[in-house]
Amino acid sequence: LVLVHDQSGLVVKRYMGAETLFHDLSHSLGPGSITVDGRKTTVSAELKELNSGLEEGKADIMGVWNILFMMDKGELPAAEAPQVWATYFVGIFRAVRFGIDEAHGQGAAMQYGYLKEKGAFEWVPAQQRFRVNFDRMEQGIRDLTADLVRLQGNGDYERTKAFFDLHEPGSRRFPV
């Protein structure tokens, strides 16, 4: 229901399960304790109400990145990368159903806005569905993973808020 007909068959249960597993594993990756302005603190203390949405978004995107890493290492078939990208993209719509007042939904909406800006997908009016641009999706996943880990590591509330505001669908920049 989300992807164009020639890509819809790429959505597979195997990578839905793998994304869930790697999402949860990715919660343990990235900074927890940080130093801001010379004082020891935590990411959650610095990012306050933004922390949960950022963390869920980071776990989603880093989960996909780690699946691709396993493919690079030969642990999973690299030829199935298009299945990973398609399944992950469709999963954004599953998670955003919680709404942007909930952490998973907020993280998913941010991912949608970020990847839209990167050209990782496009709307195809004739089919009333999306088409994933695999090359741009891979680059978007790489860039977003790095951006989110940096935001956590810096513990900069204002920059994190601006990041979410910039990449939120429905904003002036990203009309739905």
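Is Phe 121 buried or exposed? In this predicted model, Phe 121 has a relative accessibility of 6% and therefore counts as buried, the limit for that class being under 20%.

A search of the whole structure finds 11 aromatic pairs. In one of them, Phe 89 and Phe 93, the ring centres are 5.3 Å apart and the planes meet at 85°, so the arrangement is edge-to-face. Phe 89 and Phe 93 are four residues apart in helix H5, which means that about one helical turn separates them. The two positions are assigned to separate accessibility classes: Phe 89 is buried, with a relative accessible area of 0%, whereas Phe 93 is partly exposed, with a relative accessible area of 26%. Phe 89 also pairs with Phe 121, the ring centres being 4.6 Å apart and the planes at 40°, so that this second pair is classed as tilted. Phe 89, Phe 93 and Phe 121 form one aromatic cluster together with Tyr 112, Trp 123 and Phe 130.

The charged end of Arg 97 sits over the ring of Phe 98, at 4.4 Å from the ring centre, and the charged end of Lys 48 sits over the ring of Tyr 157, at 4.8 Å from the ring centre. Lys 48 is located in the loop between helix H3 (43-47) and helix H4, and it is exposed, with a relative accessible area of 51%. The backbone of Lys 48 has a phi near 50°, a positive value in a residue other than glycine. A positive phi, of about 55°, is likewise found at Asp 37, which is not a glycine. Most residues other than glycine have a negative phi. Asp 37 occupies the loop between strand E1 (33-36) and strand E2 (39-42), and at 76% relative accessibility it counts as exposed.

The largest pocket holds about 340 Å³ of space. Its lining is made up of 17 residues, of which Glu 19, Thr 20, Asp 60, Gly 91 and Arg 94 are the closest to the centre of the pocket. Helix H2 (13-26), helix H5 (81-96) and helix H6 (103-117) are the elements that give two or more residues to this lining, and the largest share, seven residues, comes from H5. By residue class, the lining of the largest pocket divides into eight nonpolar, six polar and three charged residues.

Val 90 is placed in helix H5, and at 17% relative accessibility it counts as buried. Val 90 is in contact with Val 2, Leu 3 and Val 11, while its C-alpha atom is separated by 9.9 Å from that of Val 132, a residue 42 places away along the chain. Asn 66, in helix H4 (residues 51-72), also counts as buried at 17% relative accessibility, and the residues in contact with Asn 66 are Phe 22, Ser 26 and Leu 29. Ala 103 lies in helix H6 and is buried, with a relative accessible area of 18%. The contacts of Ala 103 are with Ser 52, Gly 53 and Glu 56, whereas the C-alpha atoms of Ala 103 and Gly 30, which are 73 residues apart along the chain, are separated by 18 Å.

Terms used:
Residues are numbered from 1 along each chain as its sequence is written. This is a predicted model: local features need pLDDT of at least 70, side-chain atom pairs count only at pLDDT 80 or more; totals for chains, interfaces and linings use all residues. Side-chain values use heavy atoms; hydrogens and water are left out. On a 1 Å grid over the protein atoms alone, a cavity is a set of points where a 1.4 Å probe fits but cannot get out, and a pocket is an open set with protein on both sides within 12 Å along at least five of seven lines; lining residues have an atom within 4 Å of a point. Grid points are joined across faces, edges and corners, and a volume is the space filled by probe spheres set on the points. Ala, Val, Leu, Ile, Met, Phe, Trp, Tyr, Cys and Pro count as nonpolar, Asp, Glu, Lys and Arg as charged, and the others, Gly among them, as polar. Rings of Phe, Tyr and Trp (its six-membered ring) pair if their centres lie within 6.5 Å; planes under 30 degrees apart count as stacked, over 60 as edge-to-face and the rest as tilted. Buried means under 20% relative accessible area, exposed over 50%, partly exposed in between (1.4 Å probe, protein chains only). A charge sits over a ring if NZ of Lys or CZ of Arg is within 6 Å of the ring centre and within 35 degrees of the ring normal. Contact means heavy atoms within 4.5 Å. Lists of a residue's contacts leave out its neighbours within four places in sequence.
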